[in-house]
Amino acid sequence: MSRPSDHYESSAQTITEPQLGLKGWLRWFWRQLTSMRTALFLLLLLAVAAVPGSIVPQRGADPNGVVQYFNDHPSLAPVLDKLQLFDVFSSVWFSAIYLLLFISLIGCIIPRTKHHLDAVRAKPPRTPARLSRMVGYRTYTLPAAPEAEPSGARPAAIEHARTLLRSSGYRVALFQDARSQSVSGERGYLRETGNLVFHTALLGILLAVGLGGGFGYSGQKIVVEGQTFVNALVNYDSFNPGRFATRGDQLSPYSLTLDSLKVAYETKNTNAIGQPLDYTANVTARKPGTAATNTRIKVNEPLDIGGTNVYLLGNGYAPVVTVRDPSGQVAFTGAVPFVQPDVNNTSIGVIKVPDGLRQQLGLQGFFYPTKHQLPTGAYTSIFPGLRDPMLSLIVYGGDLGIDNGVPKSVYTLDTDHLTQLDGMGTDQPALQLAPGKTVELPNGLGTITLDGVKRYASLSINHDPAQGWVLVFALCVLGGLLTSLFVPRRRMWVKVIDEADGGLRFEYAGLARGDDPGLDAAVATLAQRHLAALGFATGDPGVDAGSSTSRRKA
Amino acid sequence: MTETLSQISVYFLFAAMALYAAAFVAFALDIANRAGRVSAAASAAPSAVARRAEASESTASVGAVGGTTTLTRITERVEDRVQQAAASRSLRWGMGLTIAGFVLQVVADVLRGVAAGRVPWANMYEFSLTGTVLIIAVFLGVNVRLDLRFLGSFVTGLVLILLGISVVRYYVAVAPLPPALQSYWLVIHVLVATLATGFFALGFALSAAQLLQARRENRAAHGEPTGLRFLLTLPTAARLENLAYRVNIVGFILWTFTLMAGSIWAEKAWGRYWGWDTKEVWTFIIWVLYAGYIHARATRGWRGSRSAWLAIIGFGAVLFNFGIVNVFFHGLHSYSGL
């Protein structure tokens, strides 16, 4: 936080007292911490400390990248992990820097607020004896006129100057000595106010993010067309509560039915065939005690419902399959979301058939919405839409490992206790299915049918009570910044001096407090307007040049 | 139609680049001329008496409106007069060519936008195209109020390099907007970010000039040979520092807005306003660096050259964020189109 321009760091920074007790050391530490240099050092350190957060994948932003990093660098990754480099922004060292910075900030805001409140209440300071040392100094002499009465002209001129400065937003004070009278004006207190608002609002953002964020939660859920999501903890695929958030028992009761997911792909522009143009999830929302409403969720248009925002973060295909035993009895039927779609929506999925067949089956599937066989014989997808879909399945038999009650991901297959029954490495080719087709499972286990293909929406349901506060503080930051950088804080003086010959001398000058490029032009304008009010022209060539001048005239 | 328009856009861009190249040469000649003028002036240095005469000549004596009284202007600020040497012919040519190139590039940019049927800043090529238009626009715009024409060779040179890289490495055919970019925030957030970059570029050039000037002033004070004589025709280091500051704070405010608008958009599109995505990290780093720059100017021992270095590092981070993070870093802001 920059000090006001009239603030000079006291030389007490280098304390030479020989004996420092505990209190002395604390004071010394506090002064060091709140000194401008330390603040600047911490600020720059913060910038440097953030850099690794963009080089090393972060658990918060890119959890898969972290897993990948551990695979690629098995010896380096644990070391980096020890140094918290995968969690830079919640690491001890990063937190230490910004906490020290904010403590330093508080140590600066408080005395400055006091200083500012005193300044706001105080009268503008005495007019300097020698204005010629100030910025934009101008002086004009008015020779004695036989009929004029100088003793009356001087107070009148001062009164004019006072009105002029006050109407321009200056706080004014009058001073007088034997030969001269003067007006001292000061304006731009808003500059310091803006500065204090800016820095306080930064603290506000930190608090809102740090504390308020703890009361929120976010969860993910994949919903297939036709399915209904009920907002209850058990229904989430994953759920991340904030530090102080209730663990789900107070989730607002509502349900969302995904009626359809409409997707449009580019088909005309040859440079962008298959590029997604639009995703729209049409949903029916139900809240207890109200009628169901049809609405939609799009990528940039989340649905605001029950204090949460529901986002459409992704989508993909859910092949609908039915597995029957040799006698035709249904062992499994349902839509299975296939995840990790690539550009052309080649995606992977797992079908688990725990009961109803001779043995437990796990099917590892690949889904190609528009299949294309490569020269190698492998398949790929060449268009993200459903033009020529194919589901290929590798069948595993044995123990799925789900009987002992330990929860398993529905998207991965643990093949430790399973035997591969077809596909590469066996004498049987992998199963290949088009919609409406049925094929035999290996070893006469039964049949599998691809009944059709549905789409699913990957929804993220977020609740962040602090978000509005963060926005309010952010706007304060912006407003404070604008006023603190662009409102000029300046002092302005007008002095009228009796000349020995009975004439008058007018003196004008200003003092910048902080960066103030327009000060000279402002003094010129003041002189011109003041003298014009008294009936004189200055002929000051600088008056019309400055743009602040012309603005003021307008 | 789309193809044809974007092809015409490229032709306009090439024409603009040719004009910028010519402008660069003209500005460079001007710099060389300045060095020459300094030598000429040194051999015929005006005497102190002559200067005083000039000063008193400009003292105004004005007949007042009221009739009998005469207001006499006693003092006159003779400031930076020496710097205001008449614009050389090559400088005027440089500005003229830059303006002409700017007009052609605006046409190129607009055509690209029309071809795409949206704002022309949705991939690296388009960012570069619009970004350099804005750098030139900021340069021309600021020149209306402050004479910064001596930065012409830097600005046109920078723009030429950026455009060269983007034409060779970043060019992609027109493609529709992915759903994540279909938002009015694309117009606001990216435009303001690019505008901020324009101001930072100018601030960088001023800070670099300030460092050179400070070195020259320092050497002159010690009676050492100063080199780079054209610097004598530039403003003083202190004045350059003030100019750099004024330009950089405008950039900083725009950057602050960029960061906030980006957060609001991220909340809408990704469900969180801040997630330390790589691009967010670098936006934050740049913000902190320029905040450091602004504070450095109020810290004893950091005014002057040290704070100038911070502005230079800050702009380095801006370029890194644009050229490296966009293309090579993994993150949600992967819209380079490459």
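How much area do chain A and chain B bury between them, and what percentage of it is on carbon and sulfur atoms? In this predicted model, the two chains bury about 5700 Å² between them, and 66% of that area is on carbon and sulfur atoms. Three residues, Leu40(A), Ser54(A) and Asn300(A), supply 11% of the area that chain A buries against chain B, more than any other three residues.

## The interface

Counted by residues, 73 of chain A are in contact with 67 of chain B. Between chain A and chain B there are zero salt bridges. Polar contacts do occur: 12 residue pairs, both members at pLDDT 80 or more, are in polar contact across the two chains. On the side of chain A that touches chain B, helix H9 (residues 467–486) of chain A gives the most, with 10 residues.

| Class on the side of chain A that touches chain B | Count |
|---|---|
| Nonpolar | 42 residues |
| Polar | 19 residues |

## Chain A

The domain assignment of chain A gives four entries. Domain 1 covers 21–119. Domain 2 is given as 126–186 + 488–549, and domain 3 as 193–216 + 466–481. Domain 4 covers 217–463. The C-alpha centres of domain 1 and domain 2 of chain A lie 50 Å apart.

One residue of chain A can be followed in detail. Thr447(A) has its place in strand E21 (residues 447–463) of chain A. Is Thr447(A) buried or exposed? Its relative accessibility is 18%, and the cut-off for buried is under 20%, so Thr447(A) counts as buried.

## Chain B

Chain B contains nine helices and two strands. Read from the N terminus on, its elements run α-α-β-β-α-α-α-α-α-α-α. Chain B has 338 residues, and 54% of them count as buried. How do the contacts in chain B relate to distance along the sequence? Among contacts in chain B between residues at least 6 apart in sequence, 80% join residues at least 24 apart.

Key. Residues are numbered from 1 along each chain as its sequence is written. Chains are lettered from A and ligands numbered from 1 in the order in which they are written. This is a predicted model: local features need pLDDT of at least 70, side-chain atom pairs count only at pLDDT 80 or more; totals for chains, interfaces and linings use all residues. Side-chain values use heavy atoms; hydrogens and water are left out. Domain bounds come from an automatic or database domain assignment. Contact means heavy atoms within 4.5 Å. Buried area is the accessible area (1.4 Å probe) that two parts lose on being put together, summed over both. A salt bridge is a side-chain nitrogen of Lys or Arg within 4 Å of a carboxyl oxygen of Asp or Glu. A polar contact is a pair of N or O atoms within 3.5 Å; within protein, one must be able to donate a hydrogen and the other to accept it, and residues adjacent in sequence count only if both atoms are side-chain atoms. Helices (H or I, at least four residues) and strands (E, at least two) are DSSP runs, numbered from the N terminus. Ala, Val, Leu, Ile, Met, Phe, Trp, Tyr, Cys and Pro count as nonpolar, Asp, Glu, Lys and Arg as charged, and the others, Gly among them, as polar. Buried means under 20% relative accessible area, exposed over 50%, partly exposed in between (1.4 Å probe, protein chains only).
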